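Trainee: Could you go through this model with me before I start on my own notes?

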Amino acid sequence: MSLTMDLEVGLWGWLLSGLAAFLMGISKAGLKGLSIFNVTLMALAFGAKQSTGLIMPLLLVGDIFAVVYYNRHTQWKYIIRFMPWMIFGILIGVVIGKDLPEKLFKIGMVVVILASLGILIFWDRRKSKTVPNHWSFAGGTGIIAGIATMIGNLAGAFSNLFFLAMRLPKNEFVGTAAWLFLITNLFKLPFHIFIWKTISVGTLTINAMLLPAILIGLFTGVKLVKMINERQYRRFILAVTAIGAIAILFR
């Protein structure tokens, strides 16, 4: 993907990607539930597969911020239980996603997004307080999360499923997820650079231009996490993300 092609996205593309970076910052700062929306906006702006690599450096900026801010709340026992399975899923995703045609890639992203929405809705309505302890739950969820994060940076809903099942309090949830995604995103980085070739000088130039938007989002998110009830905005995110997912198919 050349630098010229990267920069010829038009005003609408820059608006979409700027909003995505801003919301990514808010999400990484603690207001979970926005990651699917970020991916949808980036895919609309730059294309499904190209956006998966372009978004990576921005995700790492957010991960580092979240780790620094929420580190004291991290629960490592859940990371150790979940991460090996997720890494295995990433390796599967590298193989099946490398030569996947753009159209199929878009369809795959839409399916994962809509499935993720279904999971989030399910957990919103679930009343049981049972904590699943069998290895197959962490294993199955982790593998799917790994595949989803490699082919579309969409692991958020699946990791949320695991952490919600563990009944982690809000700050522990955010702090544990921050370390999980910093480690797994660093693990994914070489695959995007050397195998998929979705990170280039051009994409890094775009990242630099979008950096102010994610930084503003990060500092905004820190303030909002103390003020806004997540449940109130999550329903809105579910609706607009479903619309955005379908829109990817018609881009």
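Trainee: What is the mean pLDDT of the protein chain?
Mentor: This is a predicted model, where local features need pLDDT of at least 70, side-chain atom pairs count only at pLDDT 80 or more, and totals for chains, interfaces and linings use all residues. Residues are numbered from 1 along each chain as its sequence is written, and side-chain values use heavy atoms, leaving out hydrogens and water. The mean is 83, with 85% of residues at 70 or more, pLDDT being the predictor's confidence in each residue, from 0 to 100.

Trainee: And which element has the lowest mean?
Mentor: Helix α1 (residues 3–7), at 42, whereas helix α5 (residues 56–70) has the highest, 95; helices here are DSSP runs of H or I with at least four residues, numbered from the N terminus.

Trainee: How do α6 and α10 cross?
Mentor: The axes of α6 (residues 76–97) and α10 (residues 170–195) come within 10 Å and cross at roughly 20 degrees, the axes being lines fitted to C-alpha atoms over the stretch in contact, with angles from 0 to 180 degrees between N-to-C directions. The two helices are therefore roughly parallel to each other, a term for angles under 35 degrees.

Trainee: Switching topic, is L41 buried or exposed?
Mentor: L41, in helix α3 (residues 35–46), is buried, with a relative accessible area of 6%, where buried means under 20% (1.4 Å probe, protein chains only).

Trainee: What is L41 in contact with?
Mentor: Leaving aside neighbours within four places in sequence, L41 contacts L16, L19, A20 and L23, contact meaning heavy atoms within 4.5 Å.

Definitions and conventions
Angles under 35 degrees count as roughly parallel, over 145 as roughly antiparallel, 65 to 115 as roughly perpendicular and the rest as oblique. Buried means under 20% relative accessible area, exposed over 50%, partly exposed in between (1.4 Å probe, protein chains only).
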